[in-house]
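Here is a briefing for a reader new to this protein. Look over the sequence and the model, then read on.

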Amino acid sequence: MTELILYSTSACTLCERAETLLRSMPELRFVTLNVVDIAHDAALLARHGDAIPVIATAGGDMLAWPFNADDVLSLLETR
């Protein structure tokens, strides 16, 4: 099964919008979405703190906000 990771944090309006977008896409119904709060990991906070929300594939391809459904589908095609 395909996996997407959404790097996010609490009280982040853009992160909420990104998660809503991902969960609303019927094309992702067979994709596992893991939401990771970067606030609990210093390395993730240093890496993504200025760019969240960020989505990543299990293969390491990443896409920072702003992104739309077409961008997400293109990201998945690269894996």
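In which loop does P53 lie? P53 sits in the loop between α2 (42–48) and β3. This is a predicted model, where local features need pLDDT of at least 70, side-chain atom pairs count only at pLDDT 80 or more, and totals for chains, interfaces and linings use all residues. Residues are numbered from 1 along each chain as its sequence is written, and side-chain values use heavy atoms, with hydrogens and water left out.

**Overall fold**

- The protein has three helices and four strands. Helices (H or I, at least four residues) and strands (E, at least two) are DSSP runs, numbered from the N terminus.
- Along the sequence, these elements follow the pattern β-α-β-α-β-β-α.
- The radius of gyration is 12 Å, close to the 12 Å that the globule rule gives for 79 residues, so the protein is as compact as a globular protein of that length. The radius is taken over C-alpha atoms, and the globule rule is 2.2 Å times the number of residues to the power 0.38.
- A box of roughly 30 × 25 × 20 Å, taken along the principal axes, is filled by the C-alpha atoms.
- Of the 79 residues, 34% count as buried. Buried means under 20% relative accessible area, exposed over 50%, and partly exposed in between (1.4 Å probe, protein chains only).
- The accessible surface comes to about 4800 Å². Carbon and sulfur atoms hold 51% of that surface. The areas come from the Shrake-Rupley method with a 1.4 Å probe; for residues, only the protein chains shown count as cover.
- Among contacts with a separation of 6 or more, 61% join residues 24 or more positions apart. Contact means heavy atoms within 4.5 Å.

**Nonpolar cores**

- The largest nonpolar core has 13 residues. Such a core is a set of buried Ala, Val, Leu, Ile, Met, Phe, Trp, Tyr and Cys residues joined through side-chain atoms within 4.5 Å.
- Within this core, L4, L6, L22, L28, I55, V72 and L76 touch the most other members.
- At least two residues of this core come from each of β1 (2–8), α1 (13–24), β2 (31–37) and α3 (69–77).
- Helix α3 gives the largest share, three residues.
- L22 is in contact with L4, L6, L28, L33, I55 and V72, leaving aside its neighbours within four places in sequence.
- A second, separate core has nine residues, including Y7, C15, I38 and I52.

**A buried threonine**

- T57 lies in strand β3 (residues 54–57).
- T57 counts as buried, at 3% relative accessibility.
- Not counting residues up to four places away in sequence, T57 touches E3, L4, L75 and L76.

**The disulfide**

- There is one disulfide, defined as a pair of cysteine sulfur atoms within 2.5 Å.
- It joins C12 to C15, with an S to S distance of 2.4 Å.
- The torsion about the S-S bond of C12 and C15 is about 70°, so the disulfide is right-handed.
- Both C12 and C15 are buried.

**The salt bridge**

- Side chains of opposite charge can pair when their charged atoms come close.
- A search of the whole structure finds one salt bridge. The term means a side-chain nitrogen of Lys or Arg within 4 Å of a carboxyl oxygen of Asp or Glu.
- E19 and R23 form this bridge, at 2.9 Å from N to O.
- Both residues lie in helix α1, four residues apart, about one turn of the helix.
- E19 is partly exposed, at 25% relative accessibility. R23 is exposed, at 53%.

**Backbone details**

- The peptide bond from I52 to P53 is cis, with omega near 0°.
- The bond from W65 to P66 is cis, with omega near 5°. P66 is in the loop between β4 (62–64) and α3.
- A11 is found in the loop between β1 and α1. Its phi is near 60°, a positive value in a residue other than glycine. A11 is exposed, with a relative accessible area of 78%.
- T13 lies in helix α1 and is exposed, with a relative accessible area of 53%. The C-alpha atoms of T13 and A51 are separated by 13 Å, and the two residues are 38 residues apart along the chain.
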